[in-house]
Amino acid sequence: MTGPAPVTTADPLVGRFRAMWTQLAGIGRDPGTGGYLRYAWSAAELTCREWFTTEAVRRGLAVRPDGNGNLWADWIPSGVDPAAPAVVTGSHFDSVPHGGGYDGPLGIVSALLAVDELRERGFTPARPVTVAAFVEEEGGRFGLACLGSRLLTGGVSAQYALALTDSDGVTVAEAMRAAGADPAAAGPDPDRLARVGVFVELHVEQGRALVDLGAPVGVASMIWPHGRWRLEFTGAGDHAGTTRMVDRRDPMLTCAHTVLAADAQARRLGAHATIGRVAVRPNATNAIPAQVHAWLDARAADDTALATLVEAVGAEAAARARVDGTAVAVVRESDSPPVAFDPDLTDRIATAVGAQLPGVVPVLPTAAGHDAGVLAGHVPTAMIFVRNPTGVSHAPNEHATDDDCAAGVRALAAALADLAGE
Ligand code: HGY
Ligand code: MN
Ligand code: MN
């Protein structure tokens, strides 16, 4: 009897990527959906963080958490000033509910492999090279995206962030404490930020532009402005069987109308609007709901279009609430302004990557948020995207081939070598 043939590849980097990827593959994966449940500070995310620490220490990197739970693994060769601004790369481990495995972890695994590549070539950086893992990038547990980088940079206050709750009512402070972190240390960290000279985040592409362009990697030009709004619809809970249709004040109707309005307004404006999460009270088959909360994720190419979209959705919700005898309140939960990545840095990285990989290196905008977008307000920042053959993201089908992931590692290594060289 023979077992399955071993996977062989002529490219050793592809094999190294596969070996590391396999170590993470089972952590927090739901066997039913095939998606990941790696919420910030959960057991699954903590296991990923332990894996990161082990892998970084194995490479001789000094790993330190900051007060916000972000992890920093520093490569500081002898003779290099540890206080010098570092070339920082990394991403996040946390996922959206039942998300793909690549969004976030690909940037961290690629960063560690890029360090290996550079060392193998005998490259010694002239300044520190740091691999970072940010906490709660998706806002999948506590609602506010890029929580770790926002806290680091002072984009959100510790007081506000620590009081955010998950769906079980657990606060950020409680989750940190349960994981052995001290919430009293959370907040802006100007010392760590001063040691970030430049930040490069590698990320799986969340669309099909690179597929259509036939390129394994690209670089980012900008991020669309976007945000999250909680729509609170209130009506009157009552009996589903006995309440006459004319007597109802059903907030689900107002919500349903608003979902359709958000879709229509986004199409009209060339923007994106999604209501992908609702919470219904009491959530019973035979009861008219008393309250529905729905979360609007809205994104557009510029601030004006985004404001127009959100205003239009709010106006339609309010008009429909009058018809239904319900009430609606629109509460902004998070706000991510437009980001233009540093054009000189982006050009420089595209040139460095282009010298290593055959073909063009496309420059692409994205409508997805990233810690890189937060850091871009403070330090020169750039992003490298790796082709995603399905284009799907935030869902189990998110994918990148091992060959393209290896190309991503080479692209990142080229960028780091260029930025950390003499
Ligand atoms: O939701 C987003 O844009 C991101 O992927 N965090
Ligand atoms: Mn994401
Ligand atoms: Mn991400």
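Here are legends for close-up views of a predicted model.

**View 1. The manganese ion (ligand 3) and its protein donors.** Three residues hand over donor atoms here: H92 through NE2, D103 through OD and H203 through NE2. Their distances to the manganese ion (ligand 3) run from 2.0 to 2.2 Å. Read along the chain, the donors follow the spacing H-x10-D-x99-H. D103 sits in the loop between β3 (86–92) and α3 (105–120), while H203 belongs to strand β5 (residues 196–204), so this pair, 100 residues apart, links distant parts of the chain. Are D103 and H203 buried or exposed? Both D103 and H203 are buried.

**View 2. The surroundings of ligand 1.** D103 turns up again in this view, as one of the residues around ligand 1. E137 puts a polar side-chain atom 3.0 Å from a nitrogen atom of ligand 1. H394 also uses a polar side-chain atom, this one 3.1 Å from an oxygen atom of the ligand. With G369 it's a backbone N or O atom, 2.6 Å from an oxygen atom of ligand 1.

**View 3. An open sheet of four strands.** Going across the sheet, the order is β9-β11-β7-β12, and the pairing is antiparallel. β9 (272–281) and β12 (327–336) stand at the edges with a single partner strand each, so one side of each has no neighbour in the sheet. On average, neighbouring strands are turned by 20° against each other, ignoring direction. As a reminder, strands of a sheet pair through backbone hydrogen bonds. For a look at one pairing, take strand β7 (residues 226–234) and β12: they're joined in the antiparallel sense over nine bridges. Which residue in β12 is the bridge partner of E232? It's A329.

**View 4. Helices α9 and α10 against the strands.** Helix α9 (residues 251–269) lies across β7, β9 and β11 (291–299). Relative to β9, helix α9 runs at about 170°. Helix α10 (residues 303–324) packs on the sheet too, touching β7, β9, β11 and β12. The direction of α10 makes about 160° with that of β11.

Key
Residues numbered from 1 in each chain as written. Chains lettered and ligands numbered in written order. Predicted model: local features only at pLDDT ≥ 70, side-chain atom pairs only at ≥ 80, totals over all residues. Heavy atoms only, no water. Donors = N, O, S within 2.8 Å, 3.2 Å for Na, K, Ca; no water. Helix = DSSP H or I, 4+ residues; strand = E, 2+ residues; numbered from the N terminus. Buried < 20%, exposed > 50% of the residue type's maximum accessible area, 1.4 Å probe, protein only. Pairing = 2+ DSSP bridges. Axes fitted to C-alpha atoms, helices over the stretch in contact; angles between N-to-C directions. Contact = heavy atoms within 4.5 Å. Near = heavy atom within 4 Å. Polar contact = N/O pair within 3.5 Å; in protein donor to acceptor, adjacent residues only side chain to side chain.
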